[in-house]
Amino acid sequence: MRYFKLSFLFVLVLLSCSKDKSNSKSDQNVDLEPDIIREPEFESLGNDAPYIYSQTYQGRNGYVTYYPGNIPIILSIPHGGDITPEEIPNRTYGTTVTDSNTIELGISISNSFFSQYDIRPYVVINNLKRTKLDANRDRVEAAQGNIYAERAFDEFHYYIGVARDEIIQNFNTGLLFDIHGHGANPDGYVDPRTWLGYLLSADELDNSDEYLDQILSINETSLYSLLYNSNESLSSVIRGQNSLGSIFERYGYEALPSDMSPSPEGMRYFSGGFNTYLYGADNNYSFNAIQLEFPYPGLRDTSSSRNAFSLAFVDIVQEYFLNYFNIDLFSL
Ligand SMILES: [Zn+2]
């Protein structure tokens, strides 16, 4: 919570600075005198609480959407947005590529949980286009000094934090899936595999199971909590028979790492970003995170692809939770 309080103070400081600046521009329609001390124009974070299952919360201007759930899973979707408000100028550095159809995919997954088992994950969506906010970077690179983008960033993480706290209270532990999509590799090759990011680099994964289990620390992974509370080795949890990637493969969706593809071996691969680190590697919380980088063809491209995958994903996640959390999602 301290992080958010400090962030909010930072917002206030920036608010006063940038308002003074914009006030001096003739094209800004600001009628306040520069020497008047202004109240912050943002509501306090959490002002739209309580958060109730089956309700929808939109944040300021609908830049961020929060759907409270009722199982120990959060889907965060940072790169699928398409809103481009004028009050937020385009970011001037960093990546700006949209992960196409990832919001649609996340909604489809939530709907499949509901249609099959009458349950829903928690879902937090950044609706801003990545040119305006990158919700999988630290706050400085994410919002690049714009107070409205910073507010959306703060809401995005506030909602995730609320969901995480509720999940820990109700289930003791849980898992965040940070949902992304990868395009063609720089050499034009379209990798059909879903890349699962646990914060282990491609070079680290290219080592033997013995190396992973004896040299790497579980502190370096986004499954710290799961591994700390388990007798399973790191290598078996990320690429053994019961690993998430291997379950993907059994359901007909290729994945890396898995028993079929234990390591990148020089291929392009993303090991997990800011959100995976923030929610998976913080030892103060009994929580875990995995970055999911989905391919486009046959998985994200059409509504029938998304629906078919979503139905499989519900069963994949159920199997994963039975394996590693001893939680039966379908009878909570
Ligand atoms: Zn992404």
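The buried residues of helix 2 are covered by elements that include strand 1, strand 2 (73–77), strand 3 (122–126), strand 4, strand 7 (287–294) and helix 11. Helices (H or I, at least four residues) and strands (E, at least two) are DSSP runs, numbered from the N terminus. This is a predicted model, in which local features need pLDDT of at least 70 and side-chain atom pairs count only at pLDDT 80 or more, while totals for chains, interfaces and linings use all residues. Residues are numbered from 1 along each chain as its sequence is written.

- Within helix 2, the buried residues are T102, I103, L105, G106, S108, I109, S110, S112 and F113. A residue is buried if 20 or more other C-beta atoms lie within 10 Å of its own, exposed if 12 or fewer, and partly exposed in between, with C-beta atoms placed from the backbone.
- The 16 residues of helix 2 should span 22 Å at 1.5 Å a residue, and the end C-alpha atoms are 22 Å apart, which agrees. The expected span of a helix is 1.5 Å times one less than its number of residues.
- D118, which follows helix 2, has a positive phi near 65°.

**The packing of helix 2 against helix 11**

- Helix 2 (residues 102–117) packs against helix 11 (residues 303–324) at an angle of about 55°, and their axes are 8 Å apart. Axes are lines fitted to C-alpha atoms, for helices over the stretch in contact, and angles run from 0 to 180 degrees between N-to-C directions.
- The two helices, helix 2 and helix 11, are therefore oblique to each other. Angles under 35 degrees count as roughly parallel, over 145 as roughly antiparallel, 65 to 115 as roughly perpendicular and the rest as oblique.
- Helix 2 and helix 11 form a right-handed crossing. A crossing is left-handed if the near helix is turned anticlockwise from the far one by less than a right angle, and right-handed if clockwise.
- On the helix 2 side, E104, L105, S108, I109, S112, F113 and Q116 meet R306, N307, S310, L311, F313 and V314 of helix 11. Two residues are in contact if their C-beta atoms, placed from the backbone, lie within 7 Å.
- An α-helix has 3.6 residues a turn, so residues three or four places apart point the same way.
- The segment after helix 11 contains D328, which is exposed, with 10 other C-beta atoms within 10 Å. The C-alpha atoms of D328 and Q318 are separated by 6.8 Å, and these residues are ten apart along the chain.

- Helix 4 is largely enclosed by the rest of the structure, because 18 of its 25 residues are buried.
- At 1.5 Å a residue, the 25 residues of helix 4 should span 36 Å; the end C-alpha atoms lie 35 Å apart, which agrees.
- N146 is located in the loop between helix 3 (139–143) and helix 4. With 20 other C-beta atoms within 10 Å, N146 is buried.
- Apart from neighbours within four places in sequence, N146 is in contact with I88 and P89. The C-alpha atoms of N146 and L133, which are 13 residues apart along the chain, are separated by 9.4 Å.
- Just after helix 4, N172 has a positive phi of about 75°. N172 belongs to the loop between helix 4 (147–171) and strand 4 (174–181) and is partly exposed, with 14 other C-beta atoms within 10 Å.

**Backbone features in other loops**

- A49 and P50 are joined by a cis peptide bond, with omega about 0°. P50 is placed in the loop between helix 1 (2–23) and strand 1 (64–67).
- S54 also lies in the loop between helix 1 and strand 1. S54 is not a glycine, yet has a positive phi of about 85°; with 10 C-beta neighbours inside 10 Å, S54 counts as exposed.
- L256 and P257 are likewise joined by a cis peptide bond, with omega about -5°. P257 is in the loop between strand 6 (255–256) and helix 10 (274–280).

**The chain as a whole**

- The protein chain has eleven helices and seven strands.
- Of the 332 residues in the protein chain, 46% are buried.
- Among contacts in the protein chain with a separation of 6 or more, 69% are between residues 24 or more positions apart.
- The mean pLDDT of the protein chain is 91, and 88% of its residues reach 70 or more. Residues 1–28 have pLDDT below 50, and this stretch has 28 contacts in the model beyond near neighbours in sequence. pLDDT is the predictor's confidence in each residue, from 0 to 100.
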